[in-house]
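Dear colleague,

I am passing on a structure that you have not worked with before, together with a short account of what was found in it. Please have the sequence and the model open while you read.

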Amino acid sequence: MSYAEHLEADARLVILRELARQTGGSLNENILVKVLDAFGYHRSREWVRTQLRKLDDVSAVRLTEQGTVMIASITRAGLDHVERRSVLEGVARPSPEA
């Protein structure tokens, strides 16, 4: 795995963890850009959209669009990955809770 692939997989885990923390399990892409920024991923909105599409491809999130904004909602598969019940391809594995 290249360094870029490693960073993308880790960013996808950050996205899933943040979605799992939300009461409704959903956030829009603009909020996710800010969340990733807080973790040191200073990337464009389009880069975040690409990561969301990849998470959608492995059924970790469900995507909807409201106007020009993409909204991601975590699925059971995404939650199972965050809770270490299963493993999703292309998403970093969460570390065990201490």
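To begin with one residue of this predicted model, Leu36 is in contact with Ala11, Val14, Ile15, Tyr41, Trp47 and Val48, once its neighbours within four places in sequence are left aside. Leu36 also belongs to the largest nonpolar core, a set of 26 residues in which Leu16 and Leu36 are those with the most contacts inside it. Helix 1 (3–21), helix 2, helix 3 and strand 3 are the elements that give two or more residues to this core, and the largest share, eight residues, comes from helix 1. As background, nonpolar side chains in soluble globular proteins tend to be buried together.

Turning to the strands, three of them form an open sheet in the order 1-3-2, with antiparallel pairing. Strand 1 (26–28) and strand 2 (61–66) are the edge strands, each of which pairs on one side only, and neighbouring strands of the sheet are turned by 25 degrees against each other on average, direction ignored. Strand 2 is joined to strand 3 (residues 69–74) by six bridges, the two running antiparallel, and within this pair Thr64 stands opposite Ile71 in strand 3.

As for the helices beside the sheet, helix 2 (residues 29–38) packs on it, touching strand 1 and strand 3, and the direction of helix 2 makes about 90 degrees with that of strand 1. Helix 3 (residues 45–57), in turn, lies across strand 2 and strand 3 and runs at about 135 degrees to strand 2.

With best wishes

Definitions and conventions. Residues numbered from 1 in each chain as written. Predicted model: local features only at pLDDT ≥ 70, side-chain atom pairs only at ≥ 80, totals over all residues. Heavy atoms only, no water. Pairing = 2+ DSSP bridges. Helix = DSSP H or I, 4+ residues; strand = E, 2+ residues; numbered from the N terminus. Axes fitted to C-alpha atoms, helices over the stretch in contact; angles between N-to-C directions. Contact = heavy atoms within 4.5 Å. Core = buried A, V, L, I, M, F, W, Y, C linked by side-chain atoms within 4.5 Å. Buried < 20%, exposed > 50% of the residue type's maximum accessible area, 1.4 Å probe, protein only.
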